[in-house]
Amino acid sequence: MNAVDATFLRVATPDDAEGIAMVRIDSWRKAYRGIMPDEYLDSMEVEDSMHLWYRVLSAASAKTSVFVAELDGDVVGFAAGKMLDEQKFGLDAELAAIYLIPDLQRQGIGSRLVTMVAQAQQAQGARGLITWVISQNKIARQFFEKRQAELLVEQAYNWDGIDLLEAGYGWRDLSLFSPH
């Protein structure tokens with residue numbers, strides 16, 4: 001059995017906070033090296049991110065959905081979604097995060113995680129889903145475009161004092177994610 005077939009997708013629990021934090025920071029360091037300052041990426045702390053994710057996963061909000069990809073007992077990817085308090089570009093839910101360790105990218109796991117988030121948000125009443133990516137992240141942009149996301153906007157924004165350009169992608173029809 002290959003790694004993709006052995007990967008198990010499930011709802012995240014508070015016990016997954018450290019694994020999610022590790023995947024997120026490792027992914028940021030690889031994806032954004034050369035886009036964001038090295039000092040910022042190198043200063044990211046697993047413990048800080050872990051506490052944030054522990055709070056998110058312990059809150060048990062019906063508005064939020066978080067799923068993990070697990071391989072041999074380790075978190076190797078995750079995706080998170082949430083209902084928005086106010087619509088953005090006519091969309092009422094957000095794919096807030098999707099990260100996967102590089103060795104498992106481009107094998108369908110990320111698509112399955114996005115589908116799980118879209119279906120979970122749809123079950124909460126969502127009709128559309130928005131997601132954001134740093135504009136220079138070509139791999140992420142290709143990922144969303146391949147999955148029929150529409151480019152909605154490119155705009156300046158500030159992340160922790162760093163001026164960046166972000167692209168907003170959206171799906172106006174969540175039936176694209178329905179089981180066939």
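**Entry 1: Asp-160**

I looked up Asp-160 and found it in the loop between β6 and β7 (162-171). The model I am reading is predicted. I checked the backbone angle next. Phi of Asp-160 is near 50°, a positive value, and the residue is not a glycine. I noted this since most residues other than glycine have a negative phi. Is Asp-160 buried or exposed? Its relative accessible area is 60%, and exposed means over 50%, so I wrote down exposed.

**Entry 2: Asp-72**

Where is Asp-72? I found Asp-72 in the loop between β2 (64-71) and β3. Asp-72 is not a glycine either, yet it has a positive phi of about 55°. Asp-72 has 71% relative accessibility, so it counts as exposed.

**Entry 3: the largest pocket**

I turned to the empty space. Rolling a probe the size of a water molecule over the atoms shows where such space is left. The largest pocket has a volume of about 1300 Å³. Which residues are closest to its centre? I listed Tyr-32, Ala-97, Ile-98, Tyr-99 and Trp-132, out of 44 residues that line the largest pocket.

I then asked which elements give two or more residues to this lining. The helices are α2 (17-31), α4 (46-59), α5 (109-123) and α6 (138-146). The strands are β3 (74-88), β4 (91-100), β5 (129-134) and β6 (150-159).

Last, I sorted the lining of the largest pocket by residue type. I got 24 nonpolar, 11 polar and nine charged residues.

Notes
Residues are numbered from 1 along each chain as its sequence is written. This is a predicted model: local features need pLDDT of at least 70, side-chain atom pairs count only at pLDDT 80 or more; totals for chains, interfaces and linings use all residues. Side-chain values use heavy atoms; hydrogens and water are left out. On a 1 Å grid over the protein atoms alone, a cavity is a set of points where a 1.4 Å probe fits but cannot get out, and a pocket is an open set with protein on both sides within 12 Å along at least five of seven lines; lining residues have an atom within 4 Å of a point. Grid points are joined across faces, edges and corners, and a volume is the space filled by probe spheres set on the points. Helices (H or I, at least four residues) and strands (E, at least two) are DSSP runs, numbered from the N terminus. Ala, Val, Leu, Ile, Met, Phe, Trp, Tyr, Cys and Pro count as nonpolar, Asp, Glu, Lys and Arg as charged, and the others, Gly among them, as polar. Buried means under 20% relative accessible area, exposed over 50%, partly exposed in between (1.4 Å probe, protein chains only).
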